Amino acid sequence: MFHLQTCQSSENWSATLNCLKRNQLFQVKMSVSNHENRKSRSSSGSMNIQLFHKASHADSLLTQLNLLRKRRVFTDVVLQAGHRAFPCHRAVLASCSRYFEAMFSGGLKESRDAEVNFHDSLHPEVLELLLDYAYSARIIINEENAESLLEAGDMLQFHDIRDASAEFLEKNLHPSNCLGMMLLSDAHQCERLYELSWRMCLANFASLFKTEDFLGLPKNKVQELIFSEELEVEDESLVYEAVIDWVKADVERRMVDLPSCSAASGWPCCRSPTC
């Protein structure tokens, strides 16, 4: 300690800094030397070992990283969505998402930019939820955010969030939302949610074909439903009625689809949907 005391009494700051550096170097050399001596004293091939594992370390680490994020300490990228900005750590994002890992390590423009702007492709509230999860491993999924989280989780490759949101939607599947869930799950490769919603659509077709969700379906989904052997209808005329109503919802674009769709009911395709 006499080295440090001599340094502190000096009026020359540069000399003090040099003294501190020499003192630190001396301590490092002593530490290395001591460790080597201790290794040589230990018995060769000894099995007297102990594994220390602090179970709460991961949570403590995330908590500290989150505090650093909120204080904007060591943050090296800003994510923007809508009119909001979110300072983050690239290492944390890349660890949670292959999307960000590829973005920051692939030599793309974004790997060098200080900002990544999602514009209007991602709601700021949804991005905030994903970031909170990245820094805490916790997220609250509810009826208001589940669909948006599924979409964003798939887009940004937070696959755990996508799958958790799909599981939540499975538990809340109902005839009133099964058509929408069928389209959502099909677009984002959620196989179980798609299978459950698909079967519910087939089982409740008689009450669904009058809904706005059905009238807004794309042609391929309408055909898949009405041509399915598992479609549950007591009267085939309901199928023809469903096709006519679907065509009427956008006559100019869908009139050409009438023959191929109406064939499912066995009814003549020459009748006008306006009749």
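Which residue takes a positive phi in the hairpin of S1 and S2? I looked there first. It is Gly82, with phi near 60°. I note that this is a predicted model.

**Entry: the hairpin**

I checked how many residues sit between the two strands, and there are two. Strand S1 covers residues 77-81 and strand S2 covers residues 84-88. I find them paired in the antiparallel sense, with five bridges.

I then followed S1 to its other partner. S1 and S3 run parallel, joined by three bridges. Leu79 turns up again here, standing opposite Val116 in S3. I wrote down the strand order as S2-S1-S3, in an open sheet of three strands with mixed pairing. Which strands stand at the edges? They are S2 and S3, the latter being residues 115-117. Each has a single partner strand, so one side of each has no neighbour in the sheet. I also noted the twist, which averages 20° from one strand to the next.

**Entry: aromatic pairs**

I turned to the rings. A pair of aromatic rings is described by the distance of the centres and the angle of the planes. I counted pairs with ring centres within 6.5 Å. The count is seven aromatic pairs. I looked at Tyr99 and Phe100: their ring centres are 5.3 Å apart and their planes meet at 90°, so I log the pair as edge-to-face. The cut-off for that label is over 60 degrees.

Are these two residues buried or exposed? Phe100 is buried, at a relative accessible area of 1%. Tyr99 is partly exposed, at 24% relative accessibility. I set against them Tyr194 and Trp198, a stacked pair with 6.3 Å from centre to centre and 10° between the planes. Both of these residues are buried. I traced them to helix H10, residues 191-203, where they lie four residues apart, about one turn of the helix.

I also looked for a cluster. Tyr99, Phe100, Phe104 and Phe118 form one.

**Entry: charges over rings**

Which ring lies under the charged end of Arg90? I find the ring of Phe104, with the charged end 4.9 Å from the ring centre. Phe104 also belongs to the aromatic cluster above. I logged a second case. The charged end of Arg69 sits over the ring of Tyr135, at 4.5 Å from the ring centre.

**Entry: helix packing**

I took H7 (residues 146-155) and H8 (residues 159-171) next. Their axes are 7 Å apart, and the helices pack at an angle of about 150°. Angles over 145 degrees count as roughly antiparallel, so I describe H7 as roughly antiparallel to H8. I recorded the handedness too: the crossing of H7 and H8 is left-handed.

**Entry: positive phi outside glycine**

Last, I checked backbone angles. Arg72 is not a glycine, yet has a positive phi of about 60°. I place Arg72 in the loop between helix H3 (57-70) and S1. At 59% relative accessibility, Arg72 is exposed.

Where is Gln189? I find it in the loop between helix H9 (178-187) and H10. Gln189 has a positive phi of about 55°, and it is not a glycine either. Its relative accessible area is 53%, so I log Gln189 as exposed.

How values were computed
Residues are numbered from 1 along each chain as its sequence is written. This is a predicted model: local features need pLDDT of at least 70, side-chain atom pairs count only at pLDDT 80 or more; totals for chains, interfaces and linings use all residues. Side-chain values use heavy atoms; hydrogens and water are left out. Two strands pair if DSSP finds at least two bridges between them. Rings of Phe, Tyr and Trp (its six-membered ring) pair if their centres lie within 6.5 Å; planes under 30 degrees apart count as stacked, over 60 as edge-to-face and the rest as tilted. Buried means under 20% relative accessible area, exposed over 50%, partly exposed in between (1.4 Å probe, protein chains only). A charge sits over a ring if NZ of Lys or CZ of Arg is within 6 Å of the ring centre and within 35 degrees of the ring normal. Axes are lines fitted to C-alpha atoms, for helices over the stretch in contact, and angles run from 0 to 180 degrees between N-to-C directions. Angles under 35 degrees count as roughly parallel, over 145 as roughly antiparallel, 65 to 115 as roughly perpendicular and the rest as oblique. A crossing is left-handed if the near helix is turned anticlockwise from the far one by less than a right angle, and right-handed if clockwise.
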